[in-house]
Amino acid sequence: MKSVVVQSFIGTVVAVVVAAFIAFAGSQGGVVWAGVPVFALCAGLALTIQWLVFIPSLLARTEHYYDLTGSLTYISVTLFALMIAGQFDPRSLLVAALCLIWAGRLGSFLFLRVKQAGFDRRFAKMLDIPMQFFMTWTLQGLWVVVTLAAGLAVLTSPAVPLDGWAIAGATVWLVGFTIEVIADMQKSRFREENKDGFITSGLWSWSRHPNYFGEIVLWIGIALIAVPVLSGWQWATMISPIFVIVLLTQISGVRMLESSAKKRWGDDPEFQAYKSNTSVLIPMPPSK
């Protein structure tokens, strides 16, 4: 228990430090409001929202509002940046629209899913360790700051006219968003009739995690839209899609679900065949 608390404290501090660095880098050359860079204010807002919602969540011993809070934070930070920076040029409006559409769709989907399930297995032990639970909320704030970094750079920097980068980025985003939405819909329908099984149809016959692939692709799209805006330290915000890739493949997402699937169906011949013949992430025709 003590080691978990110490590790959680260290994780929290690291998360805040990384968020502060991204805020510093993204603020360079950006719009200032009341003497403070708008980008930095957005980073502070993202963390503050998590910490405020953490308190009642801990007292009520519930994780039901975790994912919803994350999505609402994306929406709040995006709108805050757009309104306070006052950058209503086409590129900023495009980025804001894409981020709001994604956050609204994913937030409502995840909230309804956890409500229907009654619990989120990720938090099974965390609710008994306040420091670890607090770290998790802080990490969500970091997730918002880093993932949204390239988009925030667009929203808080001098306007740059739409160009080929914007068209390419919007197209890539649309492809990723479509894949994520279809994959989530297919799995939800499957779960209605097969709560204890694993899906192998639709996009899931081409990838074991097509929803995560779609999310990675759409954030690459946002980063592409941001390219003409960036200069100097702002290029550090291009860590956004890299962070999403690492997070979804090495920290949560794919890694956690693969481990869970192994425990549940590791001895099932059908699952072994599915795992052997289906790509982990990038959609590809089944090998057999």
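Modeller: Contact means heavy atoms within 4.5 Å of each other. In this predicted model, Tyr 74 touches Trp 102, Ala 103, Trp 143, Val 144, Thr 147, Leu 148 and Trp 219, residues up to four places away in sequence not being counted. As to conventions, residues are numbered from 1 along each chain as its sequence is written, and side-chain values use heavy atoms, with hydrogens and water left out. Because the model is predicted, local features need pLDDT of at least 70 and side-chain atom pairs count only at pLDDT 80 or more, whereas totals for chains, interfaces and linings use all residues.

Colleague: Which elements does the protein have, and in what order do they run from the N terminus on?

Modeller: Helices (H or I, at least four residues) and strands (E, at least two) are DSSP runs, numbered from the N terminus. The protein has 11 helices and two strands. Their order from the N terminus is α-β-β-α-α-α-α-α-α-α-α-α-α.

Colleague: How does the radius of gyration of the protein stand against that of a compact globule?

Modeller: The radius is taken over C-alpha atoms, and the globule rule is 2.2 Å times the number of residues to the power 0.38. For 288 residues a compact globule would have a value near 19 Å, and the 20 Å of the protein agrees with this. The C-alpha trace spans about 60 × 50 × 30 Å along its principal axes. Of the contacts with a separation of 6 or more, 83% join residues 24 or more positions apart.

Colleague: What share of the residues counts as buried?

Modeller: Buried means under 20% relative accessible area, exposed over 50%, and partly exposed in between (1.4 Å probe, protein chains only). By this rule 48% of the 288 residues are buried.

Colleague: Which residues have the most contacts inside the largest nonpolar core?

Modeller: A nonpolar core is a set of buried Ala, Val, Leu, Ile, Met, Phe, Trp, Tyr and Cys residues joined through side-chain atoms within 4.5 Å. The largest such core holds 57 residues, and Tyr 74, Trp 102, Leu 152 and Trp 219 have the most contacts inside it. Helix H8 (residues 210-226) gives the most to this core, namely 10 residues. A second, separate core of nine residues includes Phe 190, Ile 199, Phe 271 and Tyr 274.

Colleague: Tyr 74 also touches Leu 148. Is Leu 148 buried or exposed?

Modeller: Leu 148 counts as buried, at 1% relative accessibility, although the residue lies in the loop between H5 and H6. Leu 148 touches Tyr 74, Val 77, Thr 78, Cys 99, Trp 143, Trp 219 and Ser 240, again leaving aside residues up to four places away in sequence. Thr 78, one of these partners, is 70 residues from Leu 148 in sequence and 8.5 Å away in space, C-alpha to C-alpha.

Colleague: Where is Ala 34 placed?

Modeller: Ala 34 sits in the loop between strand S1 (32-33) and strand S2 (36-37). Ala 34 has a positive phi of about 55 degrees although it is not a glycine, and is exposed at 69% relative accessible area.
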